[in-house]
Amino acid sequence: MTGALAGIAAVAVPLVLLLSAAGQARRPGRLVAALRAHGTLPRAATGPAAAAVIAAEALAGAGGAVALLLWADGPMRAASAAAAVLFGLYAGYGTYVARTRRGVPCGCAGGDTPMTGWVAGRAAALAALALAGALHGLPAGPEAFELTVTATAGLAFAVLLWTLPHAMTEERRPAG
């Protein structure tokens, strides 16, 4: 079971990181604005912090994707460990901001999803998934069927975790 989870992590984690970095690149000012709204950093530090976050996501995501394509266990474990640390930091930061600054934007992937416990929960789930990948590595000698199932499950996990915070943010609209 751990091997399957690590295989799912090898697909889902780099995909989520690359999607996030791409979203940030499309809307580069959103993360800076969100960090300013969070009020956790001095104003002058928000630009460099946003750049560091985007670079870390891109590097860990690209490293994981290349390691997956080359089926390189060591580099996959390293990329997964980096992603686990990054998502763990996001989970802690998201929890803090969600509790202290209601209604501020998350800044996730250049979107406008509000910072909520669902954002922190997604980050924690991704951290756990990445940690499984870092500890277990790529599955050894999988057959084509196993690879297909693992890739499909990884894509499903990525989509579900990607959309979770937005889906759980309910907009109140008048009936009628």
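Residues are numbered from 1 along each chain as its sequence is written, and side-chain values use heavy atoms, with hydrogens and water left out. Because the model is predicted, local features need pLDDT of at least 70 and side-chain atom pairs count only at pLDDT 80 or more, while totals for chains, interfaces and linings use all residues.

**Stop 1**

Select Val-53, Glu-57, Tyr-90, Tyr-93 and Cys-108. Among the 27 residues lining the largest pocket, these are the closest to its centre. The volume of this pocket is about 490 Å³. A pocket is found on a 1 Å grid over the protein atoms alone, as an open set of points where a 1.4 Å probe fits, with protein on both sides within 12 Å along at least five of seven lines; lining residues have an atom within 4 Å of a point. Grid points are joined across faces, edges and corners, and the volume is the space filled by probe spheres set on the points.

Now colour by helix. Helices are DSSP runs (H or I, at least four residues), numbered from the N terminus. Helix 1 (2-26), helix 2 (28-38), helix 3, helix 4 (73-100) and helix 5 (117-136) each supply at least two residues of the lining. Helix 4 gives the most, with six residues. Colouring by class shows 20 nonpolar, five polar and two charged residues in the lining. Here Ala, Val, Leu, Ile, Met, Phe, Trp, Tyr, Cys and Pro count as nonpolar, Asp, Glu, Lys and Arg as charged, and the others, Gly among them, as polar.

**Stop 2: helix 1**

Select Ala-12, which is in helix 1. Ala-12 counts as buried, at 0% relative accessibility. Buried means under 20% relative accessible area, exposed over 50%, and partly exposed in between (1.4 Å probe, protein chains only).

Draw a distance to Arg-99, 92 residues away along the chain; C-alpha to C-alpha, Gly-7 and Arg-99 are separated by 34 Å.

**Stop 3: the loop between helix 4 and helix 5**

Gly-111 lies in this loop and is buried at 19% relative accessible area. Select Leu-31 with it: Gly-111 and Leu-31 are 80 residues apart in sequence, with 8.5 Å between their C-alpha atoms.

**Stop 4**

Show the surface of Val-66, Leu-69 and Leu-70, a nonpolar patch with about 360 Å² of accessible area together. Patch members have over 30% relative accessible area and no salt bridge; like charges are joined within 9 Å, nonpolar side chains (Val, Leu, Ile, Met, Phe, Trp, Tyr) within 5 Å. Areas come from the Shrake-Rupley method with a 1.4 Å probe, and for residues only the protein chains shown count as cover. Leu-69 belongs to helix 3 (residues 43-70) and is exposed at 75% relative accessible area.

Next, Trp-71 is in the loop between helix 3 and helix 4. Its phi is near 50 degrees, a positive value in a residue other than glycine. Trp-71 is partly exposed, at 37% relative accessibility.

Finish with Asp-73 and Arg-77, whose side chains meet in a salt bridge (2.8 Å, N to O). The count comes to one salt bridge, defined as a side-chain nitrogen of Lys or Arg within 4 Å of a carboxyl oxygen of Asp or Glu. The two residues are separated by about one helical turn, because they are four residues apart in helix 4. Arg-77 is partly exposed at 29% relative accessibility, and Asp-73 is partly exposed at 30%.
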